[in-house]
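Keep the viewer open as you read.

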Amino acid sequence: MKNFRFTVLAGAMSLAGLTTGAFAEDVTIGLATAQTGGLAYADQPSLAGFKMAVDEINAAGGLGGKYKIVLDIKDTRTDTAATVQAAQELVADGVKVMITPCDADPSIAAGQISQPAQIPTLTFCGTTPTITEAVGDYMFGTYPADNGQAALLADYAASKGYKNIYILKSPDSAYTLRLPEYFEEVFKKKGGAIVGEGTYTMGQQDFAAEVTKIKAMNPQPDAIMTAAYEPDFPAFLQQLRGAGVAAPVIGSDGIDSPTITGLGAIANGIVHTTAGSPVAGSKLAAFYDKFKEKTGAAPETVYVATGYEIPYILDAAVKAAGSVDGPALRDALANLKDVEVLTGKVTYAGTNRMPIRDITIVEIEDGKRKPILTAMPDPADVPKP
Amino acid sequence: MDIVLQQIVNAISLGGIYALLALGLAVVFSIVSLINFAHGELMTVAGYGMFFAAAVSLPFPFAVCAAVLFAVIAALLTERFAFRPMRKADATGLLLTSFAVSAILRVIFQNGISARPKPVPLPSGFAGVIDLGVLHVGIVPLLSIVMTALSLVALTLFLNRTTLGKAMRAAAEDFQVLRLMGIKANRVIAVAFAVSGALAGIAAVLWIAQRGSVDPLMGFVPVLKAFVAAVIGGLGSLTGAVAGGFALGILEVLFQAFLPDAALPFRDAFVLGFVILILIWRPDGLIPAPAARRS
């Protein structure tokens, strides 16, 4: 009896295997991303957008019109060791594409697992331009890189007539350290000067000592530039304004969140770069509406949109490659040119696999972000990674 | 000269917050020998209290009360449902329980509220500076010095003038004898947690007044600082906790202010190195607890 049951079960299973195997070509995308912990603020919204795009693509027939996407989602808890483990499991499960967290360190760690297995790997919004070189030819960025953001921001600062800028950076992450350094490099080239430099520890609560130094500067700097993000940025800003320093603050995409606009009057005048801004009538605004309709809540950050764009970038690559085979897909991705996405165009051809794409500069005014300009940074300005 | 004075004000203000945090740990430790690593999450609860109060546009003083109330309730709930069932466990078991409580609370915040920080805007009057001749003192640091002083006075009065306070001090010295005197253990322990929660709530208000946002992982840094401060002061000693808190705050601000730029990224290493020196000099802390309660 026991044997009989087993036979029936095995038969049913093989039948089930046959049906899925025979009627659809599935492609499994493995996601080793941080749905809890310190990176969840970026990886959660990225995943929400990603899933929405996958549903749409599957409804339209799948990647390249023929490969239905199956997702294998693992939470890495913002822990690099856990990211490596998740990447190993995904590689063992035979995923065709891998997605890694919004940060350089775990992305590089995971990429080093997927690279030898010839699995094209994309980071959600890791922005450090050295990610791709640190791993190899299967690793791709998707988000505007730090050096591009810094170049455009420095260009803006120079055009605004700023001459003397104070920089605040933290050696604790590539983003908080290198982005201000890229900025410094470009800003100096454009004739500006860095008149002071402060450092902080990520998660540091108390900026009083730094703020006191800035307050004592004479003359005051024309602006303060930092790549600090939450929770450090609000703390710094709160204490800076609390001490009566009025110099404008300019920053990067890490502060593109409602937390900053929620700070009230002290946030007025902040200028920062971002992947995109939902101006009325834009594709991005239409997407925000669609997302709200589907989930009941408008996206809180642009990460939802950049996460949504990734399956469409893959779709374009699979169309060009005609298969989901690792090397073919890698070559197709690396040669993509002017792929239309929500926030503009994305190009990989001619890059080191960190895409060239439009970047927007916005200014915060009364709790709203007002776009100042959208442009691709001048390649001659962009510092070497 | 005035920059030195300025940094001293900064140091006292930060030290005061650390003192409140370390006291919160010490109050519980002195009675049940538990280092409550979920203390930071009590602060987070208080922070969300402020956020929700601001969201329904309660005036700021009510938001502060809501924050403290939330923290007290959370402290009592964790005591009742996590630490009381574990009371017979040894120190390691209790410690692990507190890690578990902390991890569970963090995931609840992350998945139940938001993984992203929530803004807690201060009333615009707080972004000002008060001029005291050479000294420009920000309203927030000033407020935190005043609130720390008031809390310390209130706690001292409570411990010295009320029956419950006296019972708590007695419990710290010899819990068994206290029970023989007919005082209910559960009550004393619950009050210790409530006091610890209130201290966490007040510290959270001051902490958030500086950082402007609350997020699920917010409690991690302060509880570490509180632990270091409590160890410097002498684990289990209340006056020691206050001394340790101020010592840590002063060390941090002074190193941040006066280290050469090239050494600044290593500020925490300098601070902790100095802490080691203090502990070599006084292995039981600055003001050790009575011998019986030492860890």
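**Salt bridges and a chain contact**

In chain A, A:Arg369 forms a salt bridge with A:Asp256, and their closest N and O atoms are 3.3 Å apart. A salt bridge here is a side-chain nitrogen of Lys or Arg within 4 Å of a carboxyl oxygen of Asp or Glu. A:Arg369 lies in strand E15 (residues 368-375) of chain A and A:Asp256 in the loop between strand E9 (249-251) and helix H10 (258-261) of chain A, so the pair ties together parts that are 113 residues apart in sequence. Helices (H or I, at least four residues) and strands (E, at least two) are DSSP runs, numbered from the N terminus. A:Arg369 is partly exposed at 23% relative accessible area, whereas A:Asp256 is buried at 9%. For these words, buried means under 20% relative accessible area, exposed over 50%, and partly exposed in between (1.4 Å probe, protein chains only).

Before going on, a word on the ground rules. This is a predicted model, in which local features need pLDDT of at least 70 and side-chain atom pairs count only at pLDDT 80 or more, while totals for chains, interfaces and linings use all residues. Residues are numbered from 1 along each chain as its sequence is written, chains are lettered from A and ligands numbered from 1 in the order in which they are written, and side-chain values use heavy atoms, with hydrogens and water left out.

How many salt bridges does the rule give over all chains? The count comes to 25. One of them joins A:Asp137 and A:Arg330, with the closest N and O atoms 2.7 Å apart. This pair links distant parts of the chain, 193 residues apart: A:Asp137 sits in the loop between helix H5 (131-135) and strand E5 (139-140) of chain A, and A:Arg330 in helix H13 (residues 326-334) of chain A. A:Asp137 is partly exposed at 31% relative accessibility, while A:Arg330 is buried at 19%.

Another salt bridge pairs the side chains of A:Glu89 and A:Lys74 (3.4 Å, N to O). A:Glu89 belongs to helix H3 (residues 80-92) of chain A and A:Lys74 to strand E2 (residues 67-75) of chain A, so parts 15 residues apart in sequence are tied together. A:Glu89 is partly exposed, at 35% relative accessibility.

Now turn to the place where the chains meet. The contact (heavy atoms within 4.5 Å) takes 36 residues from chain B and 38 residues from chain A. Buried area is the accessible area (1.4 Å probe) that two parts lose on being put together, summed over both. Between chain B and chain A it is about 2900 Å², of which carbon and sulfur atoms give 54%. B:Arg116, B:Gln210 and B:Gln256 supply 21% of the area that chain B buries against chain A, more than any other three residues.

Across this interface the rule finds two salt bridges. Look for the side chains of A:Glu300 and B:Lys118, which meet in a salt bridge (3.6 Å, N to O).

Finally, zoom in on B:Gln256, found in helix H10 of chain B. B:Gln256 is buried, at 3% relative accessible area. Leaving aside neighbours within four places in sequence, B:Gln256 is in contact with residues including A:Thr199, A:Gln204, A:Lys213 and B:Leu264.
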